[in-house]
Amino acid sequence: MTVASDITLYTDNTPNGAKAPIILEELGLPYKLEHLSIQSGRQKEDWFLKINPNGQIPAITDGKQRVFDSGAILLYLTQKYDKEGKVSYAPGTPEYYEQLSWISWQIGGLGPKTGQALAFAAFAPVRSDYAIEKFLNEAKGLFGVLEYRLKESPYLAGDKYTIADIASFPWVFQGADALDLDLAEWPHVKSWVDKIIQRPAVQKGLSTPTPPFTAEQFKEFCRAQRAVVLAKENTDKH
Ligand SMILES: N[C@@H](CCC(=O)N[C@@H](CS)C(=O)NCC(=O)O)C(=O)O
C-alpha cells in the first residue's frame, strides 16, 4: 500500500545531514530538496527557525508536520512509512528498544564527541592540545563501543540493517577519514562500514544535496585543515 507523502528535506553534506536523505532513499520516498548550506548561515533565518527552532540541518516537513533533529527524522519516517520493517523494528518490540538505544547513544555521544574532536583538530581558531586529545580519545572510545557491539551482532539493533546503523554510519565513515583514524583498529566496525557503503541508498544519501569530495580529496582537505591548527601556537594552559 502506498501512503501519500509531501516531504521537503532541508539538508547539507554533513554526517548529520546525510542521515535524512539516506532513510528517504532506503524507503523510496519522493521528496523535494532544499539545499541549506550551513556556511551560508541560512539555517538561522526566521523562516527556517519555524521548521527547526534550533537552526540546524537536517529537518523535514511532511505536509504540515515539521520534524527536526536527525534521530527524530529517522524514527518519524520509519514509524509512518516503514510498516513492512524494511529498515526498522516495530515500536514495542524488544528490538525497537535496542534500536532506540543505539540512536540515542549516537545523538548524545558519538556525534557530539566526534564533532568536537573534528572542530578542535581541524577548525579551531586557537590550538589546544588538551581539547584535541580529550575529544579524540573520547571519539576513539566510542568507536571501541561500536566494535564491542558489532563483534556480537551483525548490525547495531540486531540481525538486520536499520535506522540505528544509519544514525552512526556517517559519523564513522566520514569521521574516521576526517580525523585520520584507521578503521583497521576496529575490524568489526570496518566490515560493517564496508557492507553499508555498498548500499545504493547510502551512496545516494551521501551525494545529497551535492556530490561529496572523493574520499582522497576529503582526507586531503582534512589533513590540510589539521596542519593549519597544529601550526598555531599552543594556547592550552593546562
Ligand atoms: N542533534 C542534531 C545535530 C544537528 C547538527 O549538528 N547539525 C549541524 C551540521 S552536522 C549544523 O546544522 N550546523 C550548523 C549550525 O549549527 O549552525 C541532529 O542530529 O540532527
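Author: Let's start at the ligand. A polar side-chain atom of Gln43 lies 2.9 Å from one of the ligand's oxygen atoms. Keep in mind that this is a predicted model.

Reader: How far is the polar side-chain atom of Gln56 from an oxygen atom of the ligand?
Author: That distance is 2.8 Å.

Reader: And which part of Ile57 lies 2.8 Å from a nitrogen atom of the ligand, backbone or side chain?
Author: The backbone. One of the N or O atoms there is 2.8 Å from a ligand nitrogen.

Reader: OK, how much of the ligand does the protein bury?
Author: The protein buries 78% of the 510 Å² that the ligand exposes when taken alone.

Reader: Which residues are around the ligand?
Author: Gln43, Gln56 and Ile57 are among them. The list also includes Thr14, Asn16, Ile38, Lys44, Pro58, Asp69 and Ile107.

Reader: How does that shell split by class?
Author: It has 4 nonpolar, 6 polar and 2 charged residues.

Reader: Where does the ligand sit?
Author: In the largest pocket. That pocket holds about 1,500 Å³ of space.

Reader: How many residues line the largest pocket?
Author: There are 50 lining residues. Nearest the centre of the pocket are Asn13, Thr14, Pro15, Ile38 and Gln174. Thr14 and Ile38 are also around the ligand.

Reader: Which helix gives the most to that lining?
Author: α4, with 10 residues. Helix α4 covers 94-123. At least two lining residues each also come from α1 (15-26), α6 (163-179), α8 (200-206) and α9 (215-231).

Reader: New topic. How many cavities of 30 Å³ or more are there?
Author: The count is 1. The largest cavity holds about 30 Å³ of space.

Reader: What lines the largest cavity?
Author: Asp12, Asn13, Thr14, Ala18, Gln174, Gly205, Leu206 and Thr208. By class, that lining has 2 nonpolar, 5 polar and 1 charged residues.

Reader: What about the bond between Thr208 and Pro209, cis or trans?
Author: Cis again, and omega is about 5°. Pro209 lies in the loop between α8 and α9. Thr208 is one of the residues lining the largest cavity.

Reader: Last one. Is the phi of Asp69 positive or negative?
Author: Positive, at about 85°, although Asp69 is not a glycine. Look for Asp69 in the loop between β4 (65-68) and α3 (70-81). Asp69 is also one of the residues around the ligand.

Methods
Residues numbered from 1 in each chain as written. Predicted model: local features only at pLDDT ≥ 70, side-chain atom pairs only at ≥ 80, totals over all residues. Heavy atoms only, no water. Near = heavy atom within 4 Å. Polar contact = N/O pair within 3.5 Å; in protein donor to acceptor, adjacent residues only side chain to side chain. Areas by Shrake-Rupley, 256 points an atom, 1.4 Å probe, with all protein chains shown as cover. 1 Å grid on protein atoms, 1.4 Å probe; cavity = no way out; pocket = protein on both sides within 12 Å on 5 of 7 lines; lining within 4 Å. Sits in = over half its atoms within 2 Å of the grid points. Nonpolar A, V, L, I, M, F, W, Y, C, P; charged D, E, K, R; others polar. Points joined across faces, edges and corners; volume = space filled by probe spheres on them. Helix = DSSP H or I, 4+ residues; strand = E, 2+ residues; numbered from the N terminus.
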